[in-house]
Amino acid sequence: MSENGRMDIKNKVWEICGILRDDGMHIGSYVEQVTILLFLKMIEQRESKFEEAEEIPQEYRWNKLTEKNGEELLDHYEDTLRDLGSREG
């Protein structure tokens, strides 16, 4: 991954963290949210490296999160958590 790619990931994660913090989220929940974001990013990298498909719908993939900002990003992320959390597996 290029330096720009790493900075993009870092900036996107911190942007989401800032939204969560400003929304009054407790640090324990904050860490949990960052872990989920890292999980989504790792899935993207694993799929591209090993050409394996994970059972995560396209609308909840990492690249969909990176296309959004601000409230739109928060709303989409909450939808992602709600839907993925209700599925088995």
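This is a predicted model: local features need pLDDT of at least 70, side-chain atom pairs count only at pLDDT 80 or more; totals for chains, interfaces and linings use all residues.
How far should the 20 residues of H1 span at 1.5 Å a residue, and how far apart are its end C-alpha atoms?

**View 1. Helix H1 and the residues it buries.** At 1.5 Å a residue, the 20 residues of H1 should span 28 Å, and the end C-alpha atoms of the helix are 28 Å apart, which agrees with that expectation. The buried residues of H1 are Gly 5, Ile 9, Lys 12, Val 13, Ile 16, Cys 17, Gly 18, Ile 19 and Leu 20, and these buried residues pack against H2, H3 and H4. After H1 comes Gly 24, which has a positive phi near 90°.

**View 2. The whole protein, as a setting for the close-ups.** The secondary structure of the protein consists of four helices and zero strands, and reading along the sequence gives the pattern α-α-α-α. With a radius of gyration of 13 Å, close to the 12 Å that the globule rule gives for 89 residues, the protein is as compact as a globular protein of that length. Taken along the principal axes, the C-alpha atoms fill a box of roughly 40 × 35 × 25 Å. Of the 89 residues, 33% count as buried, and among the contacts with a separation of 6 or more, 46% are between residues 24 or more positions apart.

**View 3. Helix H2 and its cover.** Helix H2, made up of residues 27-50, has 24 residues and reaches 34 Å from its first C-alpha to its last, close to the 34 Å expected at 1.5 Å a residue. Within H2, the buried residues are Tyr 30, Gln 33, Val 34, Leu 37, Leu 40, Lys 41, Ile 43 and Glu 47. The cover over the buried residues of H2 includes helix H1 (3-22), helix H3 (62-66) and helix H4 (70-86). Just after H2, Glu 51 takes a positive phi of about 55°.

View 4. Ala 53 is found in the loop between H2 and H3, and with a relative accessible area of 74% it is exposed, since exposed means over 50%.

**View 5. Lys 68 between H3 and H4.** Lys 68 lies in the loop that runs between H3 and H4, and at 16% relative accessibility this lysine counts as buried, because buried means under 20% relative accessible area. Leaving aside residues up to four places away in sequence, Lys 68 touches Lys 12, Leu 73 and His 76.

**View 6. Arg 6 in helix H1.** Arg 6 has its place in helix H1, where it counts as partly exposed at 43% relative accessibility. Arg 6 and Lys 68 are 62 residues apart along the chain, and their C-alpha atoms are separated by 18 Å.

**View 7. Asp 79 in helix H4.** Asp 79 belongs to helix H4 and is partly exposed, with a relative accessible area of 35%. Asp 79 and Glu 59 are 20 residues apart along the chain, and a distance of 9.9 Å separates their C-alpha atoms.

Definitions and conventions:
Residues are numbered from 1 along each chain as its sequence is written. Side-chain values use heavy atoms; hydrogens and water are left out. Helices (H or I, at least four residues) and strands (E, at least two) are DSSP runs, numbered from the N terminus. The radius of gyration is taken over C-alpha atoms; the globule rule is 2.2 Å times the number of residues to the power 0.38. Buried means under 20% relative accessible area, exposed over 50%, partly exposed in between (1.4 Å probe, protein chains only). Contact means heavy atoms within 4.5 Å. The expected span of a helix is 1.5 Å times one less than its number of residues.
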